Amino acid sequence: MLELLDSHYNYVAVMLLLGIGLYMLVESRNLVKKVIGMNIFQTGIFLFFITLAFRAGGHPPIIEDGGGPYVSPLPHVLILTAIVVGVSLTAVALALLIRIYTEYGTLDEDKLKQLYHD
């Protein structure tokens, strides 16, 4: 069992990142911590897709004599796009949090719910 975990350590890292990120999203009442948890969760997803794209003995898709097997560049390109979208989403979320804090003076989810219902 330890041999399997040692040889697939990237999957262990993916599970840890997904677990930590999901825990922060669900359990934290501070909205900034939720944004950080979302970023950790996204990082776990990025690592998962890059891990799936790995091919042992794979070469770049440049056709040569006797080449192969080739590695698809598509997952890497998609992850680069997802990173840009994630950074943009984080920027918008933090801008909204700044606006919420200036308006209500708190970033605690429970206090904001209480202020909203009053």
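## The loop between H3 and H4

Pro 61 is located in the loop that runs between H3 and H4. The model described here is a predicted one. Although Pro 61 and Ser 72 are eleven residues apart in sequence, their C-alpha atoms are 7.0 Å apart in space. When residues up to four places away in sequence are left out, Pro 61 touches Tyr 70, Val 71 and Pro 73.

## Packing of H3 and H4

Two packed helices are described by the angle between their axes and by the distance between those axes. Helix H3 spans residues 31-53 and helix H4 spans residues 74-104; their axes come within 11 Å and cross at roughly 180°. Angles over 145 degrees count as roughly antiparallel, and H3 and H4 are therefore roughly antiparallel to each other.

On the H3 side, the contact is made by Leu 31, Val 32, Val 35, Met 38, Asn 39, Gln 42, Phe 46, Phe 49, Ile 50 and Ala 53. These residues meet a set in H4 that includes Pro 75, His 76, Ile 79, Gly 86, Thr 90, Leu 97 and Ile 100. By class, the contact of H3 with H4 has 17 nonpolar and five polar residues, and no charged residues.

## A nonpolar surface patch

Tyr 11, Ile 45, Phe 49 and Leu 52 make a nonpolar surface patch of about 330 Å². The most is given by H3, with three residues. Phe 49, found in helix H3, belongs to this patch and is also among the H3 residues that meet H4.

## Salt bridges

The structure holds five salt bridges. One of them joins Arg 29 to Glu 109, with the closest N and O atoms 3.6 Å apart. Arg 29 lies in the loop between helix H2 (9-27) and H3, and Glu 109 lies in helix H5 (residues 109-117), so the pair ties together parts that are 80 residues apart in sequence.

Note on methods: Residues are numbered from 1 along each chain as its sequence is written. This is a predicted model: local features need pLDDT of at least 70, side-chain atom pairs count only at pLDDT 80 or more; totals for chains, interfaces and linings use all residues. Side-chain values use heavy atoms; hydrogens and water are left out. Axes are lines fitted to C-alpha atoms, for helices over the stretch in contact, and angles run from 0 to 180 degrees between N-to-C directions. Helices (H or I, at least four residues) and strands (E, at least two) are DSSP runs, numbered from the N terminus. Angles under 35 degrees count as roughly parallel, over 145 as roughly antiparallel, 65 to 115 as roughly perpendicular and the rest as oblique. Contact means heavy atoms within 4.5 Å. Ala, Val, Leu, Ile, Met, Phe, Trp, Tyr, Cys and Pro count as nonpolar, Asp, Glu, Lys and Arg as charged, and the others, Gly among them, as polar. Patches are made of residues with over 30% relative accessible area and no salt bridge: like charges are joined within 9 Å, nonpolar side chains (Val, Leu, Ile, Met, Phe, Trp, Tyr) within 5 Å. Accessible areas come from the Shrake-Rupley method with a 1.4 Å probe; for residues, only the protein chains shown count as cover. A salt bridge is a side-chain nitrogen of Lys or Arg within 4 Å of a carboxyl oxygen of Asp or Glu.
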